[in-house]
Amino acid sequence: MIVSWDWLTDYVDLKMDHDDLVDRLTMSGLNHEGTEIVGADKAIDLEVTSNRPDCLGHIGVAREISVLYDTPMKLQFPQPPAGGKLIDDLCSVEIKSKNCFRYTARLIQGVKIGPSPDWLKDRLATIGVDSINNVVDATNYVMFEIGQPLHAFDFAKISGGKIIVRDAKKDESFVAIDHKTYSLDADMCVVADANDAAAIGGVMGGTDSEVTDSTTEVLIEAAYFDQLSVRRTARRLTLQSPSSFRFERNIDSQMLDWASRRCCELILEIAGGTLVDGCVDVGQRPPQPPVLTLRYGQLERLLGIEIPTSATNKILSDLGLNIQTIQDDAVVVEAPSWRKDLTREADLVEEVGRIYGFDKVPDDASVPMAASYRPKSDRALDRVQSVLLAAGFDEAMTPSLVPEPWSKAFSPWTDHPPLKSSQPMLGVLEKASHNIGAVDLLRRSLVPSLLEAYRINEFRSNSDIELFETAKVYLPTQGQPIPNQPLKVGLVSGRDFFFVKGIVETIVGSLSPQTQLTLEATEHGLLDPDRSGQWVIGGATLGWIGRASQAAKKLFRLRSDAVVVELDFQLLEDSMVAIAQHENQSAFQSVSRDFNFIVENSVPWDALERTVRKTGGMLLEAVDFREVFRDETKDGKTKKRILLSVTLRSGDSTLTGKEVDVVCQSIISGCEKEHAAMLLN
Amino acid sequence: MSPPAMPLAKFVQTLELLTEEAQNSFAQASDADQLDESRVEFLGAKKGRLKLIQKDLAGIENSEKPAAGKSLNATKQAIQQAFDEAKKRLLGDQDKVVRDPKFDATLPGTKFRMGKLHPITQTINELKDIMGRLGFTPAQGPEVEDDYHNFQALNIPMSHPARDPLDNFYLSVAGKHSGAVAAGEEDNPTLMRSQTSTVQIREMERIDPPIRMVSLGRVYRPDTADWSHYPMFHQIEGLMIDKSVTLADLKTVLKLFATSYLGDEVPIRIRPSFFPFTEPSVEADYYWDGKWVEFGGAGIVDPNVLKSVGYDPEKYSGFAFGLGIERLCMIRHQITDIRYLFTNDVRFLRQF
């Protein structure tokens, strides 16, 4: 809301300087956003919160100043002189729409349309409003004075002198004063005569009934339209105006008559004519303002400062609250009609506090100490992040909504269709991905978003593209309105499959060294059928790893190979050993032995390793994979050689050669029995 | 089975012979490899000749064993000495400082690349840390919320502009034909949460006072992305509820928070504002670099909010405050476009 310094002086003396004024206003709730010099005047821009529509007029701001500076308001009740004819003989109003609560009309005959006087033009110019003609300017002026929107119709264009406030017909066409044609719907409210709509209620007038140079009779509308209806209409038609802005924030229906009189008074003064006697006033009467009790003790209980009772009473009274009774420990007041936001005791606490001054609230209260806890999930996340950072992965953050092709590309956690947003996210895709589709599906996997991030980096010739993200995915569940929203850890990397695999193994190991992690075969179109797998911990799925398939590379336009991973964070957290427990470490030397086994290609490493572990017995400390190689000329095409090392150690003595030989023999015969493994010497 | 008996004289003779052979062998070695071969032959730990001869000790008469042992030790020393001399001859004195003119210590070290946490995460961690020291424990809540927790329980009436369908990501199940039914009950549709205040409600529904919690996370509003807007961003929200929590407590905590965050004692001020879920509502500013900088919104929890979670507003009071993380993060790192945060260019990410 921009207010004119000069204009404010009509209602309150401004003896303070500008900086002091805007500072006091800021500190009492009207945040100063800037001031511009316009001619001899100052345009002061104040931020008005949505609960204070009363400050969307100069009078409202002046009231605040009058309270802050303890200086009286100068406000008169407008009493424009009226002529002989009776309005009821000339004009009638009927409300047929539930979106109009009250409608008042006054009629002025014999006006002379022309330019506004300079003082009026200047004030409108200060607040950035164009001057149209004296009548239209008068309606605007009063709106910016009291906050009540008004509209002037050329009464000659209102067929039969009858105003009908009704819902628009479906697809009813309407030409507004901006000369554009709008298609209306049944949720919109129009002000019509017997035939056509003359205005969209509270939003904009029409060209047909517009006040022009030839207009001689004007009907002044001061009405109360429903805030939600006005907002919906203005938004759907993109016709936001100072009028709709005020209706959206709700107006003071008690002031309709004041505003109507004031507007007529001004028109008579600057455009001449005669005011027809009386006023058409139909619809609901304003409700009785609520009676509120403020217990003085609540001020200290909630604000933490003591405010003298006399100061409290004076503030309430200055703000226009009507003090009904003063008790020992409480005051009973009635709120003024323009303060619809004051309905409860808590609202009065705020009023007294803000005028008394929040600067008097101390910032060195003794707040008691309290213990706080780091959640287990934070601790687990720390460990996961530590591994990833050490491995050179940078953390990414990608939007939670994705376009359909990405959503379809990979959804390992659920087969349920994704949730869809009523609105897409706009402007979140890089130019190269603009035609991929609307970004309106809640993602079920982090992988597609990370592949897009990979593509962007690849396109920008970045090297070492290794990214991870920890974020929620949204998995719809049957019969539950709120989806399951587990946290996942996603990875994308340009390094090879086993490097990335090793990172996952390290993550799991860092959380719990004892956890058995296995990789099982999996099938996903996004993943290479060989270089992929499904991670399993204790029968539960931890996640997936895989190199992006040819199809994935095509969909995400990747030039190089990328390996992706997605892990369930909850399972990682559940597996975490929060506080590691000590085990005695043997003080004796270990013994290492290498084994070079020839086995069929179909024997996987992990099966062989299991056998070695099983047959190695108590003395086995570690089994390490060394390498796999093939010698087709010696072993044939179906065989491979696996070289592995075992480390043996005893807790109570140095191992003897004999003990070592026994273990080695057990391993060799075990592998031979279970995998037909042949030891190469 | 005991080894065959051996006379002492023969044992000593064998040792003398071995000493001589070893001394010759070490003396003749012309490089380190040759020397090492000789070392293995004579001094090898398993099959070295000295080791083998040592086994004969078992065959010596007990009465002669001390003399035999003495002789063996002398042999050991002599061979070792011969080896050390040869080694010194071939490799130089180990204790002497040898300069290597080819070595350049200023060549770059072998770097390993550490990853970086996202600047938003770094900011969140910093704030979480500060709040933790002030006794606030992190709490979590769902990002897809229902209307009740996002609006109704927070005292945001139907008429409030924040509830406009165009200003929220309301949800339905994809794949249904046009006019798809909104997910959730008709009067309680689901949406991407537009503020982290929802976690306040969830937490107060879960536990009884006293409460000191801090919630952090993603929130969503359908603004078109530009340099200062993004349809997804992060908020931090603090909540404290107890028997007599006041605006003075709020101002005190905010001051401690700002001072910790900025690393220096800063003046703060609170000025009236409006949020449906607090009454009074305030904006907090801190004074930095000669001007007041907006910190975030705060206030005393509205009695309607307390009632909606079954707390008695006559018995309990509390404060809540919320800050936008992106703004703090961007000021902190001088990031000029919010979209950089979500493009994930690794060169951008590695700066922080």
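This is a predicted model: local features need pLDDT of at least 70, side-chain atom pairs count only at pLDDT 80 or more; totals for chains, interfaces and linings use all residues.
Let us start where the two chains meet.

Now turn to a sheet in chain A. Four strands form an open sheet in the order β33-β34-β32-β35, and their pairing is antiparallel. The edges are taken by β33 (620-629) and β35 (678-679) of chain A; each has a single partner strand, so one side of each is left without a neighbour in the sheet. Further in, β32 (residues 591-600) and β34 (residues 639-648) of chain A are joined antiparallel by ten bridges. To find your place along this pair, look for A:Phe595, whose bridge partner in β34(A) is A:Leu644.

One is α19 of chain A (residues 605-616), which touches β32, β33 and β34 of chain A; the direction of α19 makes about 150° with that of β33(A). Helix α21 of chain A (residues 657-675) touches β32, β33, β34 and β35 of chain A, and the direction of α21 makes about 15° with that of β32(A).

Strand β2 (residues 144-146) of chain B runs antiparallel to β5(B), with three bridges between them. Within this pair, B:Asp146 stands opposite B:Thr190 of β5(B). Why is β5(B) largely enclosed by the rest of the structure? This strand spans residues 188-192, and four of its five residues are buried, so the rest of the structure largely encloses it.

Finally, go back to chain A for a pair of packed helices. Two packed helices are described by the angle between their axes and the distance between the axes. For α13 (residues 376-390) and α16 (residues 497-511) of chain A, the angle is about 145° and the axes are 9 Å apart. The crossing of α13(A) past α16(A) is right-handed. On the α13(A) side, the contact is made by A:Ala380, A:Arg383, A:Val384 and A:Val387; they meet A:Ile503, A:Thr506, A:Ile507, A:Ser510 and A:Leu511 of α16(A). By class, the residues of this contact are six nonpolar, two polar and one charged.

Conventions. Residues are numbered from 1 along each chain as its sequence is written. Chains are lettered from A and ligands numbered from 1 in the order in which they are written. Axes are lines fitted to C-alpha atoms, for helices over the stretch in contact, and angles run from 0 to 180 degrees between N-to-C directions. Helices (H or I, at least four residues) and strands (E, at least two) are DSSP runs, numbered from the N terminus. A crossing is left-handed if the near helix is turned anticlockwise from the far one by less than a right angle, and right-handed if clockwise. Two residues are in contact if their C-beta atoms, placed from the backbone, lie within 7 Å. Ala, Val, Leu, Ile, Met, Phe, Trp, Tyr, Cys and Pro count as nonpolar, Asp, Glu, Lys and Arg as charged, and the others, Gly among them, as polar. A residue is buried if 20 or more other C-beta atoms lie within 10 Å of its own, exposed if 12 or fewer, and partly exposed in between; C-beta atoms are placed from the backbone. Two strands pair if DSSP finds at least two bridges between them.
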